[in-house]
Amino acid sequence: MKALVVPAARARWEVREVPTPDPGPNQVLIRIKASGLCFTDVHITHGAIPTTFPRTLGHEPVGEIAAIGPGVTTRRMGDRVGVPWVQASCGRCEWCLRGQPMFCAESVGTGVQTQGSHAEYMVAWANATVLLPEGLSNEQAAPIFCAGFTVWSGFRLAEPKPTDRVAVVGVGGLGHLGLQYAKAAGHYTIAVTHSRDKEKQLRELGADAVVADGAALQKAGGADVILATSNSFDAVTDSIQALRPDGRVVLMGVEGKPLSVPTSLLWVRGRIVGRSQNDPAHLYEALQLVASGKVRVVTETYRLDEIGRAYDRVAEGKVRYRAVVIP
């Protein structure tokens, strides 16, 4: 099969011919139909997330089951499935016993501890696969297994009240979905972005207001929930000045420096929440909202042999809004 191979940290991506894997016990082989390209792939390539190389990356896989390993009873040949970030865990630690495997120190991450989905085929643990809703296209489904799952989980962790105002800081791959999810849930939504050329499309996606920074957000009435999807912590810090009393900031974007917290957070009794995922109910909801047409992933599609160009566009922040590889 053909697969992306990253030979070493900070190396250029290459498409190579590699052996097609066989599923082991309790595993399935998935013929990949779509694989979302996440900025986390850039972090992994740069060595910011520990792994071993050479490595096939990709953790937003969608496809059809092409082979079934011994012991699998819940999946059938031809099933359309996706796979989230956490595939397996130790099953013995406190967090596994609490039913929270996303916190397990020995969790198995797709494309980090396993070979990932930027390939024609991928092996996955059968009980990690998720059946896709009827009518949901592969291209629309793939980004939900990380981007959509992450931002919807973060939104749910903020426990928004019906009248809460929701701001999305950094409207990219996660942010454009966060904007739509908040709108689909019935909230007044505000996009915070310096990219003024995005304003028309963001309003089409559901933004009630589009502002450039924290001062403008405050002038527009502030926010009860800030979904911080930006990779710039400076932008997140700036937005906190517009947090309303008892407001929540949900961190989703990552930058390689500490977050600076303004003292204004104290005066409004604000909270900063780290996002998590792997709650099956949140993934189910995130997929259903897309399948229902209430949320739409804006994609750029690439062939597998074009993945180097797709990576460059993601790394440079030029994708509007999610790159999807179609092997």
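# Parallel sheet, helix packing and backbone details

Q: In what order do the strands of the open sheet of 6 strands lie, and what is the sense of their pairing?
A: The order is S12-S11-S10-S13-S14-S15, and the pairing is parallel. The model is predicted: local features need pLDDT of at least 70, side-chain atom pairs count only at pLDDT 80 or more, and totals for chains, interfaces and linings use all residues. Residues are numbered from 1 along each chain as its sequence is written, and side-chain values use heavy atoms, with hydrogens and water left out.

Q: What makes S12 and S15 edge strands?
A: Strand S12 (209-211) and strand S15 (271-274) each pair on one side only. Strands are DSSP runs of E with at least two residues, helices are runs of H or I with at least four, and both are numbered from the N terminus. Across this sheet, neighbouring strands are turned by 20° against each other on average, direction ignored.

Q: How do you know that S13 and S14 pair?
A: Pairing needs at least two bridges found by DSSP. Strand S13 (residues 223-228) and strand S14 (residues 243-251) have 5 bridges in the parallel sense, so the pair meets the definition. Alanine 223 stands opposite leucine 243 in S14, and leucine 227 has valine 250 of S14 as its bridge partner.

Q: How many bridges join S10 to S13?
A: There are 4 bridges between S10 and S13, and the two strands run parallel. One of the residue pairs is valine 166 with valine 225, the latter in S13.

Q: Why is S13 called mostly covered?
A: A residue is buried under 20% relative accessible area, exposed over 50% and partly exposed in between (1.4 Å probe, protein chains only). In S13, 6 of its 6 residues are buried.

Q: Which strands does H5 lie across?
A: H5 lies across strand S10 (165-169), strand S11 (188-192) and S13. The angle between H5 and S11 is about 165°.

Q: Why are H4 and H5 called oblique?
A: The axes of helix H4 (residues 147-157) and helix H5 (residues 175-184) cross at roughly 50° and come within 9 Å. An angle under 35 degrees is roughly parallel, over 145 roughly antiparallel, 65 to 115 roughly perpendicular, and the rest oblique. The value for H4 and H5 therefore makes H4 oblique to H5. On the H4 side the contact (heavy atoms within 4.5 Å) is made by Ala147, Gly148, Val151, Trp152 and Phe155, and on the H5 side by Leu177, Gly178, Tyr181 and Ala182.

Q: What is the angle at which H4 and H10 pack, and what is that arrangement called?
A: H4 and helix H10 (residues 280-291) pack at an angle of about 115°, with axes 9 Å apart. The two helices are therefore roughly perpendicular to each other. H4 contributes Gly148, Phe149, Trp152, Ser153 and Arg156 to the contact, and H10 contributes His282, Leu283, Glu285, Ala286 and Leu289.

Q: Is aspartate 164 buried or exposed?
A: The relative accessible area of aspartate 164 is 6%, so aspartate 164 is buried. Aspartate 164 is placed in the loop between H4 and S10. Leaving aside residues up to four places away in sequence, aspartate 164 touches His187, Tyr188, Asp224, Val225 and Arg248. Histidine 187 is 23 residues away from aspartate 164 along the chain, and their C-alpha atoms are separated by 6.4 Å.

Q: Which residues have a positive phi although they are not glycine, and how accessible are they?
A: Aspartate 246 has a phi of about 60°, and arginine 269 has a phi of about 55°. Aspartate 246 lies in strand S14, whereas arginine 269 lies in the loop between helix H9 (264-267) and S15. At 34% relative accessible area, aspartate 246 is partly exposed. At 60%, arginine 269 is exposed.

How values were computed
Axes fitted to C-alpha atoms, helices over the stretch in contact; angles between N-to-C directions.
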